Amino acid sequence: ARRDRLVLLGDLSHVASSKDGRLPPGLPAEGRLRQSSISLAAGWRVHAGPRAAVDLLGGLRYWSVQAAVDVPLAGLSRTPDARFVDPLLAARLNWTLAERWSLIAYADVGGFGAGSESTHQWLLAANYLRDARWAFSLGLRTLAVDYLERGARVDVQLSGPVLGLS
């Protein structure tokens, strides 16, 4: 959301994943991961030209990560979970290509040891403006976190396509 030069940004991400495999010497094992994050940021449009706009933002990202690893034949099971908040610094470029088309490049970095050791995200998306109120987006996104506390380590990078409606 934007009003004049004030910019507000919100983002919600949720991923659930699992993997079966074998550990040496051939023991069956299963791993599961559920990750949710909510990012909130506010900032200022520092450049508003006829074809390009640049926003600088600061904010917070809340993480909830649950993991499970089971090796039934060995009697091993571990279910670490973590909930923490990271500070963020972000930049966004919105470049107008044509009357209804634009590109958005977004990047943030955070953590700095306050919640996680580090977190980062980037997004590159093409946008189609349907009318004055609605836009559709298609792009690529990467979201990563590196967290270590009390022997539990979460080092996850999620990447892939993104489909959006604004």
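This is a predicted model: local features need pLDDT of at least 70, side-chain atom pairs count only at pLDDT 80 or more; totals for chains, interfaces and linings use all residues.
Here, buried means under 20% relative accessible area, exposed means over 50%, and partly exposed is in between, with a 1.4 Å probe and protein chains only. Residues are numbered from 1 along each chain as its sequence is written, and side-chain values use heavy atoms, with hydrogens and water left out. Strands are DSSP runs of E with at least two residues, numbered from the N terminus.

**Strand pairing**

- Strands β4 (residues 52-71) and β6 (residues 81-96) run antiparallel and are joined by 15 bridges; two strands pair if DSSP finds at least two bridges between them.
- In this pairing, Gln66 stands opposite Asp81 in β6.
- β6 also pairs with strand β7 (residues 101-110), again in the antiparallel sense, over nine bridges.
- Thr96 has Ser102 of β7 opposite it, and a hairpin of four residues takes β6 into β7.

**Loops and backbone**

- Most residues other than glycine have a negative phi, and most peptide bonds are trans.
- The peptide bond from Pro24 to Pro25 is cis, with omega near 10 degrees, and Pro25 is found in the loop between β2 (6-23) and β3 (27-48).
- Asp4 is not a glycine, yet has a positive phi of about 55 degrees. It lies in the loop between β1 (2-3) and β2 and is exposed, at 64% relative accessible area.
- Phe112, also not a glycine, has a positive phi of about 55 degrees. This residue is found in the loop between β7 and β8 (118-129) and is exposed, with a relative accessible area of 51%.
- Leu73 belongs to the loop between β4 and β5 (76-78). Setting aside residues up to four places away in sequence, Leu73 touches Leu27 and Pro28, where contact means heavy atoms within 4.5 Å.
- Leu73 and Ala107 are 34 residues apart in sequence and 44 Å apart in space, C-alpha to C-alpha.

**Aromatic pairs**

- Rings of Phe, Tyr and Trp (its six-membered ring) pair if their centres lie within 6.5 Å; planes under 30 degrees apart count as stacked, over 60 as edge-to-face and the rest as tilted. By this rule there are three aromatic pairs.
- Phe84 and Tyr147 are stacked, because their ring centres are 4.1 Å apart and their planes are at 5 degrees. Phe84 lies in strand β6 and Tyr147 in strand β9, so the pair ties together parts that are 63 residues apart in sequence.
- Are Phe84 and Tyr147 buried or exposed? Both are buried.
- Trp101 and Tyr128 form a tilted pair, 5.1 Å centre to centre with 55 degrees between the planes. Trp101 is in strand β7 and Tyr128 in strand β8, so this pair ties together parts that are 27 residues apart in sequence.
- Trp101 counts as partly exposed at 44% relative accessibility, and Tyr128 counts as partly exposed at 32%.
- Ring pairs also link Trp63, Phe84 and Tyr147 into a cluster.

**Pockets**

- On a 1 Å grid over the protein atoms alone, a pocket is an open set of points where a 1.4 Å probe fits, with protein on both sides within 12 Å along at least five of seven lines; lining residues have an atom within 4 Å of a point. Grid points are joined across faces, edges and corners, and a volume is the space filled by probe spheres set on the points.
- The largest pocket holds about 1,300 Å³ of space. Of the 44 residues that line it, the closest to its centre are Arg92, Asn94, Ile104, Asn127 and Ser166.
- β8 gives the most to the lining of the largest pocket, with six residues.
- The second largest pocket has a volume of about 160 Å³. Its lining includes Leu12, His14, Arg141 and Pro161.
- β2, β9 and β10 are the elements that give two or more residues to the lining of the second largest pocket, and β10 supplies the largest share, five residues.
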